[in-house]
Amino acid sequence: MKKLGMVSVAALLASGAVAWADELSLVCSAEQDWCDLMVAAFEAENPDTDVLMVRKSTGETLAQVRAEAGNPKIDVWWGGTGDPHLIAAEEGLSQASGVDTSELLGWAQNMAEISRGKTVGIYAGALGIGYNADILAEKGIEPPQCWADLEDSRFEGEIQVANPNSSGTAYTELATFVQLFGEDEAMTKLAAVGKNVNSYTKSGSAPSKAAARGETGVSIGFMHDMVKLASQGFPLKIVAPCEGTGYEVGAVSIIDGARNLVGAKKWVEFALSAEVQSRAPEVGSFQVPSNSNAQVAPESPDLASIKLIDYDFATYGSSETRERLLARWDSEVGDPNPQQ
Amino acid sequence: MKKTVLIWLAIGLVSFVLLPWHMTEDGLYDATWMTDGVAATGLFSILAGQWWLAPAGLAILAAIVIQLAIDEPVKRARLTLGTAVAGLAFIALQGLIIVRAGPRIFETLFVSEAVMAGQPGMGAGAGICALALLFAATISLSQSDKGQGDAFVVSTIGLIVALVAIFVFFPVIHILVRAFEVDGGYSLTEFFPRFFSSDIWDLSCLISNRSCGVGINSLFLAVMTGAGTTLLGLSFALIFTRTDFRAKKLLRVLTVLPIITPPFVIGLALILLFGRTGTITEYFADLLGWEATRWLYGFWGIYFAQLLSFTPIAFLVLIGVVQGVSPSMEEASQTLDANRWQTFRFVSLPLMRPGLANAFLLGFIESLADFGNPLVLGSGYSVLSTDIYFAIVGAVADPAKAAILAIALLTLTLTAFMAQRMWLGKKSYATITGKADSGQNASLNPILKWACYCTALPWAAFTLVVYSMIIFGSFVKLWGINHGFTFDHYIRAFGIDFSTGRFSGVAWDSYFTTLTISSIAAPLTALVGLSTAYLLVRQKFWGKDAFEFSTMLSFAIPGTVIGVSYIMAFNFPPIELTGTSIILIIVFVFRNMPVGVRGGIAAMSQLDKSLDEASITLGANSFTTVRRVILPLMGPAVLAALTYSFVRAITSVSAVIFLVSAKHNMATSFIVGRVENGEFGLAIAYSAALIITMLAAILLLQLLVGVRRLRRSDRVQQIAKTA
C-alpha cells in the first residue's frame, strides 16, 4: 500500500512535468502586435509548442517575477526596456540561456556580458525629442534641435517628461544627461529644463502621447514610440538631439526555475534570429534589431545618423548609481511638492 | 442538530478517504485522477509517508466518536468543538510549515524523506475536510452554552470569518509587514518617523501655494468626492422617487453608464473635451479670448472624473433607501401641519441617514483607491493610490514605501468608517414594518425639486455628452485628429471569419474569459456581501465592529497592493492559485463584497425587526426568515450588489494586472495594453462593446430580480392635481 502511494506521488509529479513540456509560458513587454507576431511565428516553427503569452509592462513583470520567486509561473520574459531585465539578473531571478550571441551587434553582446548571459539584447531604441508641429507653429515657437534648446524660455510650460522615480524612460534620460555633460552639469541643465516642464508624468510613454494630441508642445521619450504615433496620423515630429543621445536596449531573459527550460531556450534563439527580427516593422515596431544580419526598416530612426553616446549600462543600471542619481534628481531637479 | 453535525463529519471523512488531498496539476474539474490510479487521497498520502496529514483525519474520526458516544448535549458539543478546532489548526499548521520545497521551519525536527520532498498546494480533499470541521465546530458552538443558539447564524459567521481571514488578512499581511522592514530585519521604531513623514502629511497647501503631502491630497479629494457623489446620488434618487419627471427611464440608464466604463476611457473623453486642445476648452478660449490652459490636469480633472465614475454607486445605495422611507411617517408629519420642506428636512432626510452615510463612505473609499483617473489626469497632484503603484512597479521598487503608504490609506479609511459610525449613532431607522402602509410619499417642495433638477440634470447631460463622444470615438479613424468614419476598430477587435466560422477578432478571447469570470463572481459576491450585511444588522455577536471593519479592508486597499499580495500569498502551498481563473474570481468576490455589505446594511436597517420576529414566532428558523421575508424586501440591494460586482469584475484594472495569465486574460488588461501602445481606436471600440454588454446584462438582471413591492403602489403625491 505504501509503495502504491509512493508510486502515485511520483506519477503525479511526472504527469505534471509532461503537461508542461509542450506549453511555453511567455510574458511579453513589447507592443501587443509585436508580441502576437512573435508568438505566431514561433508556433509556426515549433508546431508542438503552445505558447501561452500575456502582455505586461516591464515594471509589472518585474514585480510579479519577484513575488513569484522560488515557484515561478513564467518561463521566458521577452521585450521591454533592459534595466528591469538587468535588475532581475542581478537579483538572481533569471538564468543564463547559453545561446550564441556572436551574430549580434556590440550593444546586445554587452548586455549579455554585464549579466553573465542571463539577459540578451534584442533591439535598441534611441531617446529623442518629440514636438507637436501644429502647436509650435500656432504659438510661433521655433522647434528644438538640441537638448540645450529645451532650457530656452520659449518652451515655458510646453515640455512634458516623465518622472525618473517611476519611469525607466525618464531614468534613461537622466543617465544620458549625466553621461553627456557630467553629473553636476547634468543636474544644472535638467533643473533649467525643469523650469519649462509643465508636468512630470508617472508613465514614460505618456508625454509623447500628450504631445501627439497637443496637450503639451514638446515631449521627451523613445523615438520608436514617437514614430508609431506619427505613423498613425498625429502631427508629431521627431528630433535627434544634436549633442547626441542615449538609448535603451530591449532584452529577453529566461526566468530562474522555468518549468519549460528547453522551450525557453528555443524561444531565445528564435528571438535573436535575423529572420524574425526583420519582421518587426510589419507591425509598426521601428526599433533597431540586435542581429547584425537583420534588415532595418526605412522608417526606423537610423542609428548611424544619430549621434549615440556610448551608454554604460553596467554603471547606470546598478542600483547604487541609480539611488544616488535619483536622490540628487529629487533634491535638485524634481519638486516633490510642486506649485499648483 | 446532532444529525447535521454527523452529516458534515461524514462528508469530511468521505472526502478525506476518497478525494485527492492535494491540488492536481490538471485542475479542479478534471477527473482524470479517478481513473489513472494515482489517487493521492488524504488516506493514501498518509500511508505514503505524509504522516502530518493524519491529525486531520483523526480529528474527524474523534468527533464522530464523540457525537455517537456522549449523550449529554452540552458536553458533547463542547468536546466536538474542541476536537474540530484542533483539527482545523493542524490542517493550517501542516500547510504553512511544509511547503513544496520541504519544511519552512523546524528543519532539524523533520528528517524523513517524505517531509523533505515537500507537498503541493491543498486540493479538493483538504478544502472539504476543512469545511466539514468548520461547520462541525460552529454548529457545536451554537449548542454549547456560550453560543447564540442558532446554528445557521453561527455557521454563517464562522464561514465568513474564515473566508475573510484566508482571502483578505492572510495575503494583506504579507505586504503590510514590509512597512516594518529595515536592512536585515524588522523594526517598530523605524516605522513611525517614516509613517509620519512630511511627504505624506505635509499641510503646506493651506498656507502657501505649494502642494500638500500625498496623504492630505488623497484625503481632501476623497472627502470632496464622497460629499459630491452623495449629493448627486441623492438628487437622482429624489427625482426618481419623489417627482413626476418624465424621462425617468433615460435618466436611469445615464446613472448606471459611468460604472460600466473602463476607467481610463472617462479620462480620455475628458481630455478630448476639456484638455488644452479639447473641444470645449478651445471653444471658450476662442469665445472669450483666453489662453487655453491645462487646468484639467490636477485636482479638478481627477475630481470631475471621480464624480462621474462614482455617482452611480451613491445612487444605487440611495435609491433603495429613499424608496424605503415610509409614507406614513411623512403623512403623519403633514397631518401635524408641517409643510413639505419641514417634512423632508425633519422626517424624510433623517430617515435616509444610513443611506447617506453608506453612500458617503463608499464614495470616500472608492476615491482613495481609485487608480485609473489620477494616473491619466493627475499631473502634479499626487495621491496615495498612484504612488503606491509606482512604489511597487516603478523604476525604483520600494515595497516598504508601498506598505507604509498603504497603511496611511487604511488609516484614512478606518477614520472615515469610525466617523460614519458616530454620525449614525444608535438610532433606529426602520421604516418598513409590515404594518398596513397605504399612504403616498410626500412630493418635494418646489425649491427642493428645482434644486434637484439643477444639480442632477446638467450632470446627466454631461454624462450623455461624454458617452456619445466615446461611441463616436470608436467609429472614427483617429479620435481627435482624423474623424473619417470607419468600422475598422470593431472588425479588428470582434471580426468573425464567416467562411471558417472562426472568431478572428483579437478581442474575443479576453472578452469571453471576462464575461465567464464576472458571471461566476457576481452572484458569489452578492451572496457573501448580503449574508455579511444580514449578520451585521440582525445578529449580535462578540467582536462585531472588528468584523465589520475587516470586511471593508479589501475594498480600501488599492488594487495594486491586493494584486501583489495575492501573488505573494497564493503562489506557494498551502494554497496555490496563481495562474488559475479561481484566483481572479476570489479577488473579485472579496474586493467587491463591501458594496454588497454597505448596500445590504443600508437597506436592512430600514426593515423593522418585528418582521423577523413575526416569522420566527410563526415557527420559521433564521434561514427560512432570510429567504422568505428579508430577501424579497431587499430587491434593490440585491440588484445593486449583483450589478456592481458584475461590472466591477469587468472594469477593474489594478488588481487584475498582476493576476491575469495567458490562459485567463481579462478585457481591461488587454485594453490597457492597447492604450499603452497608442492604439486608442481599438481600445475604445472594445470599451464601447463592453459598455453595451454590461448595459444589456444590467437590464436583464433588473428583469430577473424584479421590482420590490413595498406598498400597493409607489405613488407620489400629486400636488398639481389637488392644488
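Q: Before we start, what counts as a salt bridge here?
A: A salt bridge is a side-chain nitrogen of Lys or Arg lying within 4 Å of a carboxyl oxygen of Asp or Glu, and the structure it is applied to here is a predicted model.

Q: OK, how many salt bridges over all chains, then?
A: Searching the whole structure gives 18 salt bridges over all chains.

Q: What does B:Arg492 meet in a salt bridge?
A: Its partner is A:Asp33, with an N to O distance of 3.3 Å between the two side chains. Because B:Arg492 sits in helix α23 (residues 488–494) of chain B while A:Asp33 belongs to helix α2 (residues 32–45) of chain A, this pair joins two chains.

Q: And is A:Asp33 buried or exposed?
A: A:Asp33 counts as buried at 16% relative accessibility, whereas B:Arg492 is partly exposed, its relative accessible area being 36%.

Q: Switching to chain A, what does A:Lys189 pair with?
A: A:Lys189 forms a salt bridge with A:Glu151, and their closest N and O atoms are 3.2 Å apart. Since A:Lys189 lies in helix α8 (residues 183–194) and A:Glu151 in the loop between α6 (133–139) and β6 (159–162), the pair ties together parts that are 38 residues apart in sequence.

Q: How accessible are A:Lys189 and A:Glu151?
A: A:Lys189 is buried, with a relative accessible area of 13%, while A:Glu151 is partly exposed at 29%.

Q: Which residues do salt bridges that share partners join into one network?
A: One network takes in A:Glu183, A:Asp184, A:Arg324, A:Arg328 and A:Glu332, which are joined by salt bridges that share partners.

Note on methods. Residues numbered from 1 in each chain as written. Chains lettered and ligands numbered in written order. Predicted model: local features only at pLDDT ≥ 70, side-chain atom pairs only at ≥ 80, totals over all residues. Heavy atoms only, no water. Helix = DSSP H or I, 4+ residues; strand = E, 2+ residues; numbered from the N terminus. Buried < 20%, exposed > 50% of the residue type's maximum accessible area, 1.4 Å probe, protein only.
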